Amino acid sequence: MKRVREQRECLVSRVPRLQVLLAVSLIVIATAYWRVQVVQGDRYHGLAENNRLRRVPIKATRGLIFDRNGRVLVDNVPSYNLLLDRTRSNDIDAALAFAAEVLDQGVPALETAIERQADSSPYEPILLAENLTLADVSRISIAELEFPEFQIDVEHLRLYRHGSLTAHILGYLGEATEADLARDPDNYSAGDLVGRKGVERVFDLLLRGRDGERELVVDSRGRTRTEHGRRPARSGNNLHLTLDLELQQEATRYLEGRAGAAVALDPRNGEVLMLVSAPSYDPSLFTRRLNSEQWRELVESPNQVLQNRTIQNTHAPGSIFKVVLANAGLTEGTIEPSDSVFCAGSTQIYNRRTRCWLRRGHGWVNLRRAIKESCDIYFYHLGQKLGINRIAHYARLFGLGRPTGFDIPGEKAGLIPDTEWSLTHRRSPWYPGETISVAIGQGPILVTPLQVARMIAVLANGGRLVTPHVRRGSRSPLSAPIAVDPQAISFVREAMWAVVNEKHGTGLSVRLQGIDIAGKTGTVQVVEQKSWTSNEDLPEQLRDHAWFASFAPASDPELVVVAFVEHGGHGSAAAAPLVKLIYETYFRASDAS
Amino acid sequence: MRPTSAPLTLADNRPHLRHLAGVRWVLLVAALALAGLGLATVHSASSELSLDYLPRQAVWVGVGILALALTFSIDYQTLSKFSLPIYIVGLVILTAVLFLGTVRGGARSWFGFGSFGLQPSEFAKLSTAVLLARYLASTNRRYLRLRQIAIACGIAGLPMALVVLQRDMGSAMMFMPLLAGMLFVSGVRWQVVVAALVLALIGGAILWNFVMLDYQKTRVLTFLDPGREPLGAGYQLRQSKIAVGSGQVAGRGYMQGTQSQLRFLPARHTDFVFAVLAEEWGFLGVVGVLMLYATYILNGALVAVRARDRTGILLVVGLLGGFAFHVVYNTAMVVGLVPITGIPLPFLSYGGSFTLANFIAVGMILGVDFRRYVNR
C-alpha cells in the first residue's frame, strides 16, 4: 500500500485558535448574563412580578348596515362558543368526557381541537366548539364548580337578513389573511374577521370599530384575581346604503331561475338603488368556516354564483349602443335628424350582405324612427360614415371601456375597440366590416350593466357622468358636461321616449300609465345567425341575451333602470317586464310617501 | 482515509478493548449531564401544558444513547469510505421531504410518523460533515487551493440550499459554522477570507440597495423565514430577558420561575429553554451550564488534536464547530445579543431529531478517540 505522509501537524496547529475563539465567545456571553441577571436583576425581577397582568381582548361590535329607507340589511346575532381554559383544568379527561356528552360528539373530536391550538399563546383559552344551543350553554354553566376550565364565550355573528338578495353587494367576512396583517398591522391582528367582499370589504375600517382590552391580575396559578384596568371597545359605525330593499326584492324575484343582472341608479347623483346579480348565493355559508367542498361547489358552480354580474360580467351592448352612435352622428354633423335611409331588410356593405333584424324592412327611416324601431340598416350606414375611431371616442365620452369608479371593488373595464387596439392586442389591422357590427353594438365590444346604466344616466341628466356608489352621503360629484352637443342628447332622449310610448316602438311593452318612461332595447347574439331564425327555435344556451336600458320620468329623470337577462331572447321580451316592474314599484312607493 | 505514518506506540488494525480506558469519557459525562438537565428543564417548561414533553424527550435521549453506542462502534474510516453514497442518500431524502414532508412552523422540513416527526436536515449535517472530512483530508496541503475551497463549499452548499427551500432558515444556517470550522483548520489564506467577505458584502449591498425592490425584499425576508412575526419578535425577546433577569444570582428555584410557569415566555421548551434555566437557576446555573458546554467542546478539541489522521481531526472539528455555534448563538440570542432565529440549544432544547443527531456526534467523536492508535 502506498504510504503518503499526511500534512497533519498544520491541521492540529490551527485548532487552538478555534478554542480561543470559543472561550472569548463564552466569556462575552457570560458577561451579558451577568449584566442582565446580577446588575439589572432587581429591575427584571420587578418586571416579572408585573408580568402577572393578563390582557384579554374585548371585541368591538361591528356596525350594522341599512338600506336607504332605514331597513336593516345586516345585523349581529349572539352565538355561543365553548372555550377551554387550560390553566384552570384539574382533570382534563373528565372535563372532556362531560363536554362530549353535552355536545353529543366524540371525545376525539374535542382532542383534535385542542391539538390544533396547542401552540396558541399563553393564557389563550382554546376554542372547543362553536354555535352552542342555549340548552347546552345552561348545562355547562351549571357544572361550573365541577369543571371550572369551561368558559362560555358570546361572539357576535353577522346575520345577513336578506341572505342571497344582497349577497353580491354586501359581501361577507373571513379571517384576516397574512396579507391583511402585513398591509395594516395597526388595525388587524391574527384571527380577526375582516370584510372579504363587497361593502363589508370596502368599508371594513368604518364598520369594524376598535377592539378594547381588559388587564386582569392573575395569581401564580394563572387564576384571575381582579381587574386591573380596561380600555373599552369602540363599536363600529353603522353604514347607510343607497339601496332600496324593495326594488332589490322585486328584481330578484323576477330573475329567479334565470341568469342576469339589474341595476337602478339615480342619474342626478349616482346613488345606486338596486344592484341585482342572479343567480346569487347564501352569504351565511361564509359566517362559519367553509369546508373545502362547499367552497369548490360555490366556485365551480356552472352559473358562477359568486360573480357579480352587474360589474364583473361583460357583454356586447347590442342595439343600446345605437344611442351612442346617434349622439356621435349629430354632434359631428355626419347626419341631420331629417336624413333618411331606405331599409329593405338587408343591404350590401363592403361586399357583404348585412341584415336588419326586421326581415321585411323598415322602409324609409330617419334617425328618430331608426332609434324607435331599432333599424339596423340605418346605423350600418351611420357607422360606416363615422368610422371606428370616432365611434370609440364617443363611447368613451359616455364612460364605456373603463371602470365606473363604483365603490364596490372588482369592476371590469369592458372593451371599446379602435384601430390602435386592434393593432396592439390582436396584431392585425382593423377590418372595416367590423365597424358595421360595432355600429349596432355587436362584435368586439364589451360593457357591464353598470356601465350601461351610467351611460344612460348621462342622457338622463343632460350630459354629465355620475360616479355610481352605494354608500349614502359619500361625495361623488358629477363630471363636467361631456363634449357632446346638448341638442343631440335631448334629441336622443326624445327618441327613447318614443321607443316606449309610440306605435312600432320596440319597447312598447314597458309603457306605464301615468309615468313617462324612455328606453332602448338591445339584443346580443350568442351565435352568429346566417338568417332570420326565430329565437324560440334555439336551445336555451344559444338564445340571445336581452338588454333593456331606460330612465323615467322622461321629462325630469330620477331613476335609470338597466336589465340584462342571459339567454332571454329579444330585448323587449325578457328584460322589458323587469324594467317595468321596477318602475311600478319605485313610483308606487314615491306616490305613497 | 489513507494510511499514514504517525506517532504510534501500538500498531494494530483494530482498536483494542484496553484502549477504551484512554477514551475521553468526560465528553460523554458532560453530554449526559446536559441531557439530564435538559430533561428536567423541558419538564419544568411544559409540565403546566396539556402535554408534558418530558416523556417524549426521554425517549429521544434513550434512542440517542443507543445511536451513540452504535456510531461509536463503527470505524469512522468506514464511514468515510461510504461517505459519498451516504451523502447522496441524504440529498435524496432532503429532496423528498420537499415534496412529501409535512409543514411545521412554516417549514416543510419534517417527515411525520404519527405524533413523532423526523427532521432529515439534522442528519444531513452529519453526512455532510463526514464527506467534507473525507474530501478535505484528501487535499493534504498546507493551504487549500481556491478550487478545493469551491468544492468544499459545494459539498456543504447543496444540502444547505435544499434546507433553504424547505424554508428552514435556522437549520440551513448551521451548515456554515460546520464548513467554516473545517475550512479554517484545513488552511485558508487570510487574503481569501478577506476577499470572500468583501465580495459578499459588496454583492449583497448592490443587490439589496440597487436591484431589489421593496416588495422583493419583503418577499425574500418572508421566504427565508415565514415564522417571522413583526409584532411577536419584540414580545419574545422582552419576555426572555425578563425571565433571565428575574433569575438574578441564585435563581427562583426549580419549577418556580413565574415567566415560564405562568407561560409568558413562548417557545420555552424549545429555542428558549435556556431562559427557563436562567430563571430557575440564576446566574450560577448559567455559568455552570456554560462550563459544561465548554468542557464538552474543549475536550472534543483535545480529541481532534490527538486524532489518528486528517479525516479524524477534520470530522471532530466539523462536528464541534456546528455544536459550538449552536451553543454560542442560542445563549446569545436568549439574552438579546443577536437576532432571534430558530436555533435550538444542543441537549437542552426539546427536539427529537436534533437530540438524536447530537448523540450520534458524540458517538463519532468518541469513536475517533478510541481509534487513535489504529494503524492500517
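Two strands pair if DSSP finds at least two bridges between them. Strands themselves are DSSP runs of E with at least two residues, and helices are runs of H or I with at least four residues, both numbered from the N terminus. This is a predicted model, in which local features need pLDDT of at least 70 and side-chain atom pairs count only at pLDDT 80 or more, while totals for chains, interfaces and linings use all residues. Residues are numbered from 1 along each chain as its sequence is written, and chains are lettered from A and ligands numbered from 1 in the order in which they are written.

**Stop 1: chain A as a whole**

Select chain A, which has 21 helices and 19 strands. Of its 593 residues, 41% count as buried; a residue is buried if 20 or more other C-beta atoms, placed from the backbone, lie within 10 Å of its own, exposed if 12 or fewer, and partly exposed in between. Among contacts between residues at least 6 apart in sequence, 71% join residues at least 24 apart. Here two residues are in contact if their C-beta atoms, placed from the backbone, lie within 7 Å.

**Stop 2**

Strands of a sheet pair through backbone hydrogen bonds, either parallel or antiparallel.

**Stop 3: strands 11 and 12**

Select residues 260-265 of chain A, which are strand 11; six bridges join this strand to strand 12, and the two run antiparallel. Which residue of strand 12 is the bridge partner of A:Ala261? The partner is A:Ser277. A:Leu265, in turn, stands opposite A:Val272 in strand 12. The hairpin of strands 11 and 12 of chain A has six residues between the strands, and A:Gly270 takes a positive phi near 85 degrees there. Strand 12 of chain A is mostly covered, with seven of its seven residues buried.

**Stop 4**

Move to strand 19 of chain A. Seven of its seven residues are buried, so strand 19 of chain A is largely enclosed by the rest of the structure. In a regular strand the side chains alternate between the two faces of the sheet. On one side of strand 19 of chain A lie A:Leu559, A:Val561, A:Ala563 and A:Val565, on the other A:Val560, A:Val562 and A:Phe564, and all are buried.

Six bridges join strand 19 of chain A to strand 11 of chain A in an antiparallel arrangement, and A:Val263 has A:Val562 as its bridge partner. Strand 18 of chain A pairs with strand 19 of chain A over seven bridges, again in the antiparallel sense. Here A:Ala549 stands opposite A:Val562. Strands 18 and 19 of chain A form a hairpin with six residues between them.

**Stop 4: chain B as a whole**

Now select chain B, whose secondary structure comes to 15 helices and three strands. Buried residues make up 50% of its 376 residues. Of the contacts in chain B with a separation of 6 or more, 77% are between residues 24 or more positions apart.

**Stop 5: helices 8 and 14 of chain B**

Select helix 8 (residues 175-186) and helix 14 of chain B, whose axes come within 7 Å and cross at roughly 140 degrees. Axes are lines fitted to C-alpha atoms, for helices over the stretch in contact, and angles run from 0 to 180 degrees between N-to-C directions.
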